[in-house]
Amino acid sequence: MKFKDCNLSSIDEFIEQMTLEEKIGQLVQKTIGRTENLGQEKSINSDLFESIEAGRIGSILQSASEMFEEVMRAQDLALHKSRLGIPLFVNSDIIHGFGTIFPIPLASACSFNMELIKESAVLAAEEAASAGLCCTHSPMIDIARDPRWGRIAESCGEDPYLAGEIAKAYVCGFQGEEISPNTLLLATLKHYLGYGAAEGGRDYNTAEIGENTIRNFYLPPFQIGIESGAGGVMASFNTIDGIPMTANNKYLDDVLRKELKFSGIVLSDWTGIAELMGHGMAKSPEEAVFLAFGAGIDIDMVSDFYEKFLQNEISDGRVELSKLNAAVKRILSLKLRMNLVGRYEKQIALKSKPVVFTERARQLAKDLADESIVLLKNDNVLPLRAGTTLLLDGRWTHCRNFLGCWQSSAYKKHVESLDEMLSRRNFSVKDANKLSENEKLAAAAECEYIILTLGENENESGEAASKAVLSLSEEDQKLVSLYKSCGKKIVALIFSGRPLLLEKLCEDVGAVLMCWFPGHGNEAVADILTGEINPCAKICVSFPRREGQIPVYYNHLSTGRSAHGRETEKFVSRYLDCPNEPLFPFGFGLSYTQFEYGPVNLIRNQNDFFVVCQVKNTGKRCGKEIVQLYVRDCIACPVRPIKELKGFKKIFLEAGESVDVSFKIDRKLCAYYHAARFDADDGEFIFYIGDSSISENNIRLLLQGENFSLAR
Ligand code: GLC
C-alpha cells in the first residue's frame with residue numbers, strides 16, 4: 001500500500017508493511033543544507049536526496065527561505081521515488097515571519113493585540129506554505145524573566161496569561177481551528193519546559209524550578225497551546241531538577257502525554273539527544289537513544305542518533321517495537337490529517353512559486369509594529385514638530401536591517417533607513433555620524449531635535465547570545481553624554497532584543513522609544529516620531545535598573561518580609577544600594593494622550609459576576625489603551641504572587657470619550673495548581689483594573705463557592 005492510498009483507518013495496516021528502517025526513517029530529521037542566512041555559502045547535504053529516496057528521512061529542516069527548489073526536489077523524491085511515497089515534513093523556524101518579517105515576538109507581545117498576532121501567523125503560514133514548508137518550530141512560549149538570556153527576544157515575556165493568549169493566537173493562525181487539510185503550518189510549541197529559567201540567564205544552562213512554580217508559571221502557556229490544538233512540542237535543552245528535558249519521563253510522559261493528553265509529536269531540539277552525553281546522563285549514544293526514546297522523543301532533530309542506533313535498541317529488545325509503531329503512527333497521522341500528499345502533489349504539478357513580501361504582508365508588519373513600539377518616556381518632546389531640523393546620530397541611522405533574530409527572510413534590507421524615512425516626512429535631517437565631536441555639537445546647535453539611535457545589533461540577542469552586562473555600549477553612552485548638555489530636545493530610539501539598563505539614559509534625554517526590532521514594519525518608528533501613529537504598546541517584560549536585580553518581575557511572591565511600605569526598615573527584603581522595583585514595570589507604556597481610571601466595582605448579573613471600571617481619555621487626541629486585570633489571592637498554599645494578570649482589553653477612545661470596561665470573574669479565574677489539583681480556595685481576593693502591573697486601583701472581594709461579595 002502506498003501512503004497516498006492510506007487513511008486514518010488503515011494506518012496500522014500501512015505501518016505493518018513498513019520495514020524497520022522505514023519506520024525509524026520517519027523519526028529522523030535532517031537539515032536540507034546550509035544557506036547564506038548563516039553567513040556561509042549555500043550548500044545542500046550531499047547524501048540527503050539518496051536518504052530520502054531510501055525512506056530514511058521523515059522530515060527536513062531548512063533555515064532560510066531561498067531553498068524552494070531543493071525543498072520541492074526533496075518532496076518529489078519522497079512522494080515518487082521512495083518505496084511507500086510518504087511525504088516529508090518540511091520544517092523551519094518561522095518565529096516572527098517567513099519572507100515578511102514581523103516585529104520580534106517580545107515586541108509583538110507588547111501590542112497585547114491577539115488579532116494582529118494571529119493575522120501575522122496566518123500570513124507567515126501562507127508565505128511559508130507557498131515556499132514548500134508545512135511545519136514551524138514556533139510559537140516559542142518560554143516564560144522569560146531574565147534579560148541576560150538572549151532568547152528573551154523570541155519570547156512573549158514574563159507573564160503566563162499573556163504567553164498563553166499568544167500561544168493560542170499563533171497556533172490558530174498557523175494551523176486553523178484544528179489540524180486538517182487546510183492547515184498550512186503545523187505549530188510546534190517550544191521549548192518544553194522551563195528553558196527561560198536558565199541560571200544566570202546563560203543559554204542552555206541548568207533550570208532549578210519547583211513543581212508548583214512550573215505548574216503555575218511555566219506550564220500554563222503550553223497547556224493552552226495544546227488545548228488550541230498544536231500538533232508538535234519541542235523538548236528544551238535544559239535540565240529541570242537535574243534531569244535533561246530530552247529524557248525527562250515525568251514531564252514528557254506523565255505530564256505531557258498522560259495528564260495533558262497531548263497526542264501530537266514530540267521533537268528533540270537541535271542534537272538534543274546527543275547532548276544527553278554532554279549532560280552526563282548517557283554514557284553512550286545507544287544509551288542516549290534508549291533514554292530519549294523511552295521518555296517520549298518522537299523525532300530526532302539532526303543528531304543522527306536514531307538513524308544510527310535505534311535499530312539495534314529495537315533488535316536487542318531494549319526498545320519495544322510497539323513503542324516505535326506508536327511514534328510512527330503519531331507522525332503519519334499528522335501527515336494524513338494535513339493531507340500532505342495532496343498538497344505537495346498539487347504544488348509540484350503546478351510548479352507554483354513562493355508568494356512572499358507582498359504589499360499586504362508589509363502593511364500587516366507595519367500595523368503590528370505600530371502597536372509594538374513602547375513609549376517609555378516623553379517629557380513633552382514627542383511627537384516631533386513638523387518641518388523642523390533633526391540631527392540623527394547612532395548606529396541605526398542608515399541601517400536597513402531591522403529584522404532581529406531568526407531572520408529567515410530573503411528580503412533583509414528591503415526597507416528605508418531612518419534618515420530616509422524622516423527626510424521623506426519633510427524634516428531637514430542632518431546626519432552627524434561621521435562628524436567630530438565639535439562638529440556634532442555645532443550641527444546640534446542648528447537643530448530643534450536630536451534623535452539618537454542606540455541599542456544592540458540583531459546578533460546580540462536570540463540563541464546563544466546571553467549577556468552579563470546590559471548597559472548601553474560605551475559608544476552609545478558617549479553619544480548621550482556628548483549631547484545631553486546641548487540644550488536640545490533629545491529622543492532616544494532603542495533597538496534591541498531585550499530590556500537594557502536605561503535608568504541613566506532616562507535622566508539625560510527627554511523621550512525614549514523602545515523599538516525592539518520592528519522587522520519590515522520599521523516605518524512605524526517614523527510614524528510614531530511624527531505623531532502619525534499614537535503609541536499604545538505596553539511592556540511584556542520588566543526593565544531592571546541593574547543587572548543585580550535580575551530576575552525582577554511583577555508577579556513575584558510577597559516573602560515574609562516584604563519591603564512594600566517598610567522601605568526604611570532594615571530587616572526586610574530589599575537592597576542596600578538599589579530599589580526593589582524595576583525601572584519600568586510589566587504592563588507599562590505611555591501614549592500621546594492620557595487615560596483616567598475610575599474606581600473598580602463589582603456587578604452581578606444572575607449567576608455571573610463582573611468587575612468593572614470606567615476608563616476615560618482625558619487627553620487631546622484619540623488613542624488605544626490596554627486595560628489590564630490583575631488578581632491577588634490573599635491566602636493560599638503554595639503562596640501566590642502579589643498579583644497576576646488575568647485579563648486585558650485593548651480599547652480605542654476618542655479625546656474626552658469614556659467607556660466602562662468589564663471583566664467576567666469566576667472561580668476558575670482564581671484557580672491555581674496546588675496539592676495535585678487545579679482549583680481556587682474560598683477566601684479574599686483583590687481585583688485590580690489599571691494601566692500597568694503597579695496600578696493600585698482595586699476592589700477586595702470574598703469568594704465563597706461560585707459567588708463573590710464585597711470583602712469587609
Ligand atoms: C535551535 C533552537 C530551536 C530551533 C532549532 C532548529 O537550536 O533551540 O528553537 O527550532 O535549533 O533551528
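Which backbone oxygen does the side chain of Asn617 reach? The legends below answer this and describe other close-up views of a model that is predicted.

View A. Asn617 lies in strand E20, which covers residues 608–617, and the side chain of Asn617 reaches the backbone oxygen of Leu653 at 3.0 Å. Because its relative accessible area is 0%, Asn617 counts as buried, the cut-off for that term being under 20%. When neighbours within four places in sequence are left aside, the residues in contact with Asn617 are Thr593, Gln594 and Phe595, then Cys622 and Gly623, and finally Leu653, Glu654, Ala655, Gly656 and Glu657.

View B. The ligand is surrounded by 13 residues, of which the closest are Asp93, Arg151, Lys190, His191 and Asp269. By class, this shell is made up of six nonpolar, two polar and five charged residues. In the side chain of Arg151, an N or O atom is 2.7 Å from an oxygen atom of the ligand. A polar side-chain atom of His191 lies 2.6 Å from an oxygen atom of the ligand, and for Asp269 the distance from a polar side-chain atom to a ligand oxygen atom is 2.6 Å. Taken alone, the ligand exposes 310 Å², and the protein buries 94% of that area.

View C. Helix H9 spans residues 220–227, and its buried residues are Pro220, Pro221, Phe222, Gly225 and Ile226. Just after H9, Gly229 takes a positive phi of about 100°.

View D. Strand E1 runs parallel to strand E12 (residues 300–301), to which two bridges join it, and the bridge partner of Val28 in E12 is Asp300. Strand E1 also runs parallel to strand E4 (residues 59–62), here with three bridges between the two strands, and Thr31 stands opposite Leu61 in E4.

Key: Residues are numbered from 1 along each chain as its sequence is written. This is a predicted model: local features need pLDDT of at least 70, side-chain atom pairs count only at pLDDT 80 or more; totals for chains, interfaces and linings use all residues. Side-chain values use heavy atoms; hydrogens and water are left out. A residue is near a molecule or strand if one of its heavy atoms lies within 4 Å of it. A polar contact is a pair of N or O atoms within 3.5 Å; within protein, one must be able to donate a hydrogen and the other to accept it, and residues adjacent in sequence count only if both atoms are side-chain atoms. Accessible areas come from the Shrake-Rupley method with a 1.4 Å probe; for residues, only the protein chains shown count as cover. Ala, Val, Leu, Ile, Met, Phe, Trp, Tyr, Cys and Pro count as nonpolar, Asp, Glu, Lys and Arg as charged, and the others, Gly among them, as polar. Buried means under 20% relative accessible area, exposed over 50%, partly exposed in between (1.4 Å probe, protein chains only). Helices (H or I, at least four residues) and strands (E, at least two) are DSSP runs, numbered from the N terminus. Contact means heavy atoms within 4.5 Å. Two strands pair if DSSP finds at least two bridges between them.
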